[in-house]
Amino acid sequence: MERTKAWKTFPFAKLERSGMEAEEMVRPHTSYLKDVWRAFKRRKTALVSAVILLILVVLVLFGPMMNPYNYYSNDYTAINSPPTAQHWFGTDTLGRDLWTRVWVGGRVSLLIAILATLFPFLIGMVMGGISGYFGGKVDMIMMRCIDILMGIPAMIYNILLIVVLGSGNISTLIIAFTLTGWMGSARAARGMVLQIKAREFVMASKTLGASPARIIFRHLLPNTLGIMVVGVTLTIPMIIFAEAFLSFIGLGVAPPNPSWGQLISIAAEVFKSYPYQFIIPCAFVSLTMLCFNLLGDGLRDALDPKLRA
Amino acid sequence: MLRYALKRIGIALLTIFALTTITFFLLHLLPGDPFLNIKVPVAIQEKQMAYYGLDKPILQQYFIYLKNLLTGNLGTSLKYVGRNVTDIIADFFPVSAALGLIALFFAELIGMTFGILSAQFKNRWPDYLLMFFAILGIALPSMVIGPLIRYFFGVELRLLPVSGWGTPEQIIMPAFVLGLATVAANTRMMRACMLAVTTQDYIKTAQAKGLTPTQIVMRHELKNSLVPMLAGIGPAVASVMMGSFVVEKIFVIPGLGKHFVNAVTTLDYPLIMSLTIFYGTILVTMNLLVDLLYGVVDPRIRLD
């Protein structure tokens, strides 16, 4: 009784409803991707690189259709022609149109680079996910195996695999790069998974009876994607380099199929007489490697909140 | 420390063993034999197979190969008939090693200097200029920069010899091409290390004590940045070693890299196998040395 009375005499007034607006969220929601985009936009070099890469991809896809030549036919009336109105990038020592060859070669190089990066990363993520999630003996054995495999220099191993599988094939190169390239991403994914697996949402999922496979593929691996995307972007130029390297020592894609590495390696021999044959593919290889590196640097800053200054 | 060292040595030995085994079986499981395309009577072919020990069962061949490896006998080349792989290595590896070591030494020195300068002038024009060079070094692979500088300095300007081996002038261009990627990587890494160290408390203490900026850089920042830089030596050795395949081809240098490439293109299997194992062993040993050194320099590493 006493209490009710006291309450009634207490000098509180009922608030107007409008006062609640202070609780309202005025700004629009920011999702993770929007946040990443906002951080990414600030890196002008990365943005420009992304645009250049997009243009390169368009040219690689549609460039060969822009003129009437194909990459394997010889035009004996125009051998070693410098860039002209007919042959925009000139022709090579066999009279083949270089504009077409550069873009078809770009297709081969980029296809190898992208597939030979994605496959190892997928394998590495699964291996790393399993190793990190189960821990204990499984983890120890897998990590020791990876230690040993990573001790063997990848390029030597690549060369060996290409010798064994037969050189000249696009698929051979992809298989070789996949077999030698998954260990790094496995280690990275394991490290990430070890950090994430102690978090509450994983425990909640476990409590609800989710299988290990579901936890690894639905909860753990998606959370490593950010770092993995950066890894992929920085690995692609390494594979472009590796393909050019192998072509240069005679283990690349077999003629008449061009690749950027092969165009460079053929043209290096006639550099003194026909510098344009060498410089044009080199410029595109360098530009692509440069842009992927700058893009990767930008993505790393955008995707990893810890790195943001 | 002993436990750490033993563990590292164990892993290195296992790696070399795995490399040997994988290499041997990959190359021996190939269909056909090296004399398939040479038209000789069957009796001679059989004699040749017996001479090279290829008529025995594969496991027995494997154990014979392992035993030979341990005694330093790396087998004979198929193409250079009668030549020992050991002799080939003894003849040509010193050239590659000399070139590689010179390239590596200057690449580490220049890369670190650039990195320190870049960090000192952070976000000012010297930094931008050096970082621009560093990114160029990454974007210009050896097969692009090699023929280019060979043409400009060798043919156009006639400053340096275009090819060959023996005089100091002939070393400059190949060493530059070989070390460029390492310079670029080291500049970036050294800059990052130096900048990470700058924010540490002990730097603030040093400043409070009244040390000059030069003293702080030389005594504290540089020394603390060197530890993570050690880790870069392993990849740098690998980069220089692989780079020698390309550089020795461009500049016509009689090194082992050129022989490895020739062996690969002419499918000289015994030579490929032995050189693969040889290169692998060198790299594993280098990585082992770096790991051990790391443990000596930084006590925290030994604990895990």
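Which hand does the crossing of H4(A) and H9(A) take, left-handed or right-handed? The crossing is right-handed.

## Model and confidence

The complex is a predicted model. The predictor assigns it an ipTM of 0.81 and a pTM of 0.83. For chain B, the mean pLDDT is 82. In that chain, 95% of residues reach 70 or more.

Helix H4, residues 85-120, has the highest mean pLDDT, at 88. Helix H13, residues 299-302, has the lowest, at 66.

## Helix H4 of chain A

H4(A) covers residues 98-134. Its partner in the opening question, H9(A), covers residues 212-248. The two axes come within 7 Å and cross at roughly 145°. By class, the contact of H4(A) with H9(A) has 19 nonpolar, 6 polar and 1 charged residues.

Ile123(A) is one of the residues in H4(A). Setting aside neighbours within four places in sequence, Ile123(A) contacts Thr178(A) and Trp182(A). Asn293(A) is 170 residues from Ile123(A) in sequence. The C-alpha atoms of Ile123(A) and Asn293(A) are 23 Å apart.

## Helices H10 and H11 of chain A

Another helix pair in chain A is formed by H10(A), residues 260-269, and H11(A), residues 275-303. Their axes lie 8 Å apart, at an angle of about 150°. H10(A) and H11(A) are therefore roughly antiparallel, since angles over 145 degrees fall in that class. The crossing of H10(A) and H11(A) is left-handed.

Which residues of H10(A) meet H11(A)? They are Trp260(A), Leu263(A), Ile264(A), Ala267(A) and Ala268(A). On the H11(A) side stand Gln277(A), Phe278(A), Pro281(A), Cys282(A), Phe284(A) and Val285(A). The residues of this contact divide into 10 nonpolar, 1 polar and no charged.

## Architecture of chain B

Chain B has 13 helices and 0 strands. The C-alpha atoms fill a box of roughly 85 × 60 × 30 Å along the principal axes.

Of the 304 residues of chain B, 35% count as buried. Contacts in chain B were also sorted by sequence distance. Among those with a separation of 6 or more, 74% join residues 24 or more positions apart.

## The contact between the chains

How many residues of chain B are in contact with chain A? The count is 35 residues of chain B, against 30 residues of chain A. Six helices of chain B each supply at least two residues to this side: H1 (2-28), H5 (125-139), H6 (142-156), H10 (233-250), H11 (256-265) and H12 (269-297). H1(B) gives the most, with 9 residues. By class, this side of chain B has 28 nonpolar, 6 polar and 1 charged residues.

Val164(A) gives a view from the other chain. This residue lies in helix H6(A), residues 154-165. Val164(A) touches Leu26(B), Leu27(B) and Leu30(B), not counting residues up to four places away in sequence. It has 19 C-beta neighbours inside 10 Å and so counts as partly exposed. Within chain A, Ala176(A) is 12 residues along from Val164(A). The C-alpha atoms of Val164(A) and Ala176(A) are separated by 10.0 Å.

## Helix H11 of chain B

H11(B) is among the helices that supply the side touching chain A. Why does H11(B) count as largely enclosed by the rest of the structure? The reason is that 8 of its 10 residues are buried. The buried residues are Leu256(B), Gly257(B), Lys258(B), His259(B), Phe260(B), Val261(B), Ala263(B) and Val264(B).

The cover comes from both chains. It includes H6 of chain A, together with H4, H10 and H12 of chain B. Just after H11(B), Leu267(B) takes a positive phi of about 55°.

Notes. Residues numbered from 1 in each chain as written. Chains lettered and ligands numbered in written order. Predicted model: local features only at pLDDT ≥ 70, side-chain atom pairs only at ≥ 80, totals over all residues. Contact = placed C-beta atoms within 7 Å. Helix = DSSP H or I, 4+ residues; strand = E, 2+ residues; numbered from the N terminus. Nonpolar A, V, L, I, M, F, W, Y, C, P; charged D, E, K, R; others polar. Axes fitted to C-alpha atoms, helices over the stretch in contact; angles between N-to-C directions. Parallel < 35°, antiparallel > 145°, perpendicular 65-115°, else oblique. Left-handed = near helix turned anticlockwise from the far one by under 90°. Buried ≥ 20, exposed ≤ 12 C-beta atoms within 10 Å, placed from the backbone. pLDDT = per-residue confidence, 0-100.
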